[in-house]
Amino acid sequence: MSTTATPQGVWKCSECGYTVTAQLPPQTCPQCKKDCEFRDVACYTPDCGGPGNIDPRLK
Ligand SMILES: [Zn+2]
């Protein structure tokens with residue numbers, strides 16, 4: 001069993017809403033090129049399919 005895999009987070013730019021799937025949020029947003037805050041919007045429940053299925057409550 002491989003339970004040691006590092007879970008990927010889904011990060012959303014607070015400026016433009018761009019989402020990135022990575023272990024850690026990027027320092028600079030690839031879209032708006034700003035030093036903006038990325039928020040973790042990953043959904044960890046089984047119902048959510050991951051990156052294409054971001055929790056709508058987290059905007
Ligand atoms: Zn951005």
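Guide: Welcome! The largest nonpolar core here is made of six residues, namely V10, W11, C13, C29, F38 and A42. Its largest share, three residues, is supplied by strand β1, residues 9–13. Please keep in mind that this is a predicted model.

Visitor: What makes these six residues a nonpolar core?

Guide: A nonpolar core is a set of buried residues of kinds such as Val, Trp, Cys, Phe and Ala, joined through C-beta atoms within 7 Å. V10, W11, C13, C29, F38 and A42 form such a set, so they are called a core.

Visitor: How many residues of β1 are buried?

Guide: Four of the five residues of β1 are buried, and the strand is mostly covered. To count as buried, a residue needs 20 or more other C-beta atoms within 10 Å of its own. Across the protein chain, 12% of the 59 residues count as buried.

Visitor: Which residues does W11 touch?

Guide: Leaving aside residues up to four places away in sequence, W11 touches T19, V20, A22, P25, F38, R39 and D40. Touching here means that the C-beta atoms lie within 7 Å.

Visitor: What pattern does the protein chain follow along the sequence?

Guide: The pattern is β-β-β. The protein chain has three strands and zero helices.

Visitor: How do you know that β1 and β2 pair?

Guide: Pairing calls for at least two bridges between two strands. Four bridges join β1 to β2, so these strands pair, and they run antiparallel. Among the partners, G9 is bridged to A22 in β2, and W11 is bridged to V20 in β2. β1 and β2 also form a hairpin, with five residues between them. In its turn, G17 has a positive phi of about 85°.

Visitor: What makes β1 and β3 a pair?

Guide: The same test applies: at least two bridges are needed. β1 and β3 are linked by three bridges in the antiparallel sense, so they pair as well. One of the facing positions is C13, which stands opposite F38 in β3.

Visitor: Why are β2 and β3 said to stand at the edges?

Guide: The three strands form an open sheet in the order β2-β1-β3, with antiparallel pairing. β2 (19–22) and β3 (38–40) each have a single partner strand, so one side of each has no neighbour in the sheet. On average, neighbouring strands of this sheet are turned by 30° against each other, direction ignored.

Methods:
Residues are numbered from 1 along each chain as its sequence is written. This is a predicted model: local features need pLDDT of at least 70, side-chain atom pairs count only at pLDDT 80 or more; totals for chains, interfaces and linings use all residues. Helices (H or I, at least four residues) and strands (E, at least two) are DSSP runs, numbered from the N terminus. Two residues are in contact if their C-beta atoms, placed from the backbone, lie within 7 Å. Axes are lines fitted to C-alpha atoms, for helices over the stretch in contact, and angles run from 0 to 180 degrees between N-to-C directions.
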